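Hi,

Here is the structure I promised to pass on. Have a look at it first, and my notes on what turned up follow below.

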Amino acid sequence: MNRMTEPPLDPKSLREAVDWAIVTRRSVRAFLPTPVLARDIESILETASHSASGMNTQPWQVHVVTGAAKADLSAHLAALDDDPELAAGLTEAYEYYPRQWVAPYLDRRRKVGWDLYGLLGIAKGDKAGMHRQHGRNYGFFDAPVGLFFTVDRQLQEGSLLDYGMFLQSVMVAARARNLHTCPQAAFLKFHKAIARCLHIPDGQMLVSGMSLGYADDTAIENTLSTEREPVSSFTTFHSEPKEIRA
Ligand SMILES: Cc1cc2nc3c(=O)[nH]c(=O)nc-3n(C[C@H](O)[C@H](O)[C@H](O)COP(=O)(O)O)c2cc1C
């Protein structure tokens with residue numbers, strides 16, 4: 001396929017296929033051990049590399065972790081995560097989340113958290129249960145493939161915008177191959193340990209981790225359904241000229 005290739009489907013099927021891949025992308029938090037073919041990983045990344053980036057900077061660098069390398073790294077991070085003293089002194093790779101959570105973001109954050117914990121039978125106040133579930137991030141929710149995405153520290157905020165497009169393309173291209181993903185900011189606090197384990201140069205900053213694999217459809221956490229606001233709540237259509245505000 002190249003950038004001028006004719007659509008492989010009639011217009012209605014094409015729209016349905018593209019929308020299907022976007023809408024069925026969801027964060028999966030339990031994967032089957034079924035391996036992912038190396039050629040599928042490569043073709044997902046090749047497809048995603050066609051994402052737009054300002055001035056075609058293509059700021060993405062990807063580390064694919066599988067097999068013993070993934071098992072070693074996961075064990076190392078789990079040990080760090082279970083050490084409260086160590087975990088307390090860690091700094092994030094960058095500030096992904098707001099320092100102060102305000103409405104409506106706080107409400108959305110709470111809802112997705114409690115919906116997930118509710119499905120898993122983790123009660124409010126069950127700190128050990130929450131820690132255990134959060135800790136599943138570091139084993140990539142049992143996915144056979146872990147991805148780490150890094151960016152050159154020389155680049156600016158705009159490159160993170162480009163990166164978001166790349167990450168979405170990876171996740172959508174995964175759906176086209178019947179694979180699922182979970183993007184993971186949970187790794188950001190372990191960026192130094194990850195860089196040490198994978199020999200990532202100091203000049204690179206961790207942007208996100210991601211699990212990749214086949215979803216375990218029998219897992220209760222994979223029944224989580226997150227809500228979206230209607231288009232009317234976040235879109236303003238301007239068709240008539242307005243007086244310029246003083
Ligand atoms: C950059 C990014 C980082 C995220 N980090 C985590 C994470 O560390 N662990 C996790 O379980 N989910 C993580 N998520 C998933 C979000 O919770 C999820 O996208 C959101 O609740 C919407 O649900 P959906 O992805 O199923 O549509 C992350 C999502 C994004 C985009």
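**The pocket and the helices around it**

α1 (11-23), α2 (38-48) and α7 (157-175) each give at least two residues to the lining of the second largest pocket. Helices here are DSSP runs (H or I, at least four residues) and strands are E runs of at least two, numbered from the N terminus. Before I go on: this is a predicted model, with local features needing pLDDT of at least 70 and side-chain atom pairs counting only at pLDDT 80 or more, while totals for chains, interfaces and linings use all residues. Residues are numbered from 1 along each chain as its sequence is written, and side-chain values use heavy atoms, with hydrogens and water left out.

Back to that pocket: its volume is about 830 Å³. A pocket is an open set of points on a 1 Å grid over the protein atoms alone where a 1.4 Å probe fits, with protein on both sides within 12 Å along at least five of seven lines; lining residues have an atom within 4 Å of a point. The volume is the space filled by probe spheres set on the points, which are joined across faces, edges and corners. There are 22 lining residues, and M1, P8, V18, T47 and A176 are the closest to the centre. α1 brings the largest share of the lining, four residues. Sorted by class, the lining has twelve nonpolar, six polar and four charged residues (Ala, Val, Leu, Ile, Met, Phe, Trp, Tyr, Cys and Pro count as nonpolar, Asp, Glu, Lys and Arg as charged, and the others, Gly among them, as polar).

**How the helices pack**

α1 and α7 pack at about 115 degrees, with their axes 8 Å apart; axes are lines fitted to C-alpha atoms, for helices over the stretch in contact, and angles run from 0 to 180 degrees between N-to-C directions. That makes α1 roughly perpendicular to α7 (65 to 115 degrees; under 35 is roughly parallel, over 145 roughly antiparallel and the rest oblique). W20, A21 and I22 of α1 touch Q168, V172 and R175 of α7, contact meaning heavy atoms within 4.5 Å. By class that contact has four nonpolar, one polar and one charged residues.

L73, H76, L77 and L80 of α3 meet A193, I194, C197 and L198 of α8; by class, seven are nonpolar, one is polar and none is charged.

Most residues other than glycine have a negative phi, and most peptide bonds are trans. Q58, in the loop between α2 and β1 (61-65), has a positive phi of about 45 degrees although it is not a glycine. The peptide bond from A103 to P104 is cis, with omega near 0 degrees, and P104 sits in the loop between α4 (84-88) and α5 (105-119).

Cheers
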